[in-house]
Amino acid sequence: QVQLVESGGGLVQAGGSLRLSCAASGRTLNGYDMAWSRQAPGKEREFVATIAWIGGSTNYANSVKGRFTISRDNVQNTVNLQMNSLKPEDTAVYYCAARRIGTVRFDYWGQGTQVTVSS
């Protein structure tokens, strides 16, 4: 069982930066693809970035491409999301998620961390 805990959220002005971290406990993240997802009030949850276990390839939602960077530290057992040039529309609860390689659905989720970007 993978347990994920997010940290690093907060209030920031538009144009600012935040770095989210996701720490795993219970087992190593080796063999898991990882993702950051977000949900804004009244909107559906959307994936913003993913990073594969095999090869470390990354993918980003068009809305964050060029501004957000996902990375993983397989020694520290963490996944990070560096968010730059933040916009008010980035305001949401951000969730870390994991899935075993070879599966489709992300089955493991953290509790989320709030990110609020003021204009």
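**Strands, a disulfide and salt bridges**

Q: Which residue in strand 3 is the bridge partner of Gln3?
A: This is a predicted model, in which local features need pLDDT of at least 70, side-chain atom pairs count only at pLDDT 80 or more, and totals for chains, interfaces and linings use all residues. A strand is a DSSP run of E, at least two residues long, numbered from the N terminus. In strand 3, Gln3 has as its bridge partner Ser25.

Q: How many bridges join strand 1 to strand 3?
A: Two strands pair if DSSP finds at least two bridges between them. Strand 1 and strand 3 run antiparallel. The bridges that join them number five.

Q: Which strands are the edge strands of the open sheet?
A: Four strands form the sheet, with antiparallel pairing, in the order 1-3-8-7. An edge strand here pairs on one side only. That picks out strand 1 (3-7) and strand 7 (68-73).

Q: By what angle are neighbouring strands of this sheet turned against each other on average, direction ignored?
A: Axes are lines fitted to C-alpha atoms, and angles run from 0 to 180 degrees between N-to-C directions. For neighbours in this sheet, with direction ignored, the average is 15°.

Q: Is Thr78 buried or exposed?
A: Thr78 is found in strand 8 (residues 78-83). Leaving aside neighbours within four places in sequence, Thr78 has contacts (heavy atoms within 4.5 Å) that include Cys22, Leu29 and Asp73. Buried means under 20% relative accessible area, exposed over 50%, partly exposed in between (1.4 Å probe, protein chains only). Thr78 has 17% relative accessibility, so it counts as buried.

Q: What is the relative accessible area of Leu81?
A: Leu81 is also placed in strand 8. Not counting residues up to four places away in sequence, Leu81 touches several residues, among them Leu20, Trp36, Phe68 and Tyr94. Leu81 is buried, and its relative accessible area is 0%.

Q: Which cysteine forms a disulfide with Cys22?
A: A disulfide is a pair of cysteine sulfur atoms within 2.5 Å. By this rule the count is one. The two sulfur atoms are 2.1 Å apart, and the partner of Cys22 is Cys96.

Q: How many residues apart are Cys22 and Cys96?
A: Their disulfide is left-handed because the torsion about the S-S bond is about -80°. The pair links distant parts of the chain, Cys22 in strand 3 (residues 18-25) and Cys96 in strand 9 (residues 92-100). Both cysteines are buried. Their separation in residues is 74.

Q: Which residue forms a salt bridge with Arg67?
A: A salt bridge is a side-chain nitrogen of Lys or Arg within 4 Å of a carboxyl oxygen of Asp or Glu. Arg67 is buried at 10% relative accessible area. Its closest N and O atoms to the partner are 2.7 Å apart, and the partner is Asp90.

Q: Is Arg105 buried or exposed?
A: The side chains of Arg105 and Asp107 meet in a salt bridge (2.7 Å, N to O). Asp107 has a relative accessible area of 43% and is partly exposed. Arg105 has 62%, so it is exposed.

Q: Which residues do salt bridges that share partners join into one network?
A: The structure holds five salt bridges. In one of them, the side chains of Glu46 and Arg38 meet at 2.7 Å, N to O. The network joins Arg38, Glu46, Arg67 and Asp90.

Methods
Residues are numbered from 1 along each chain as its sequence is written. Side-chain values use heavy atoms; hydrogens and water are left out.
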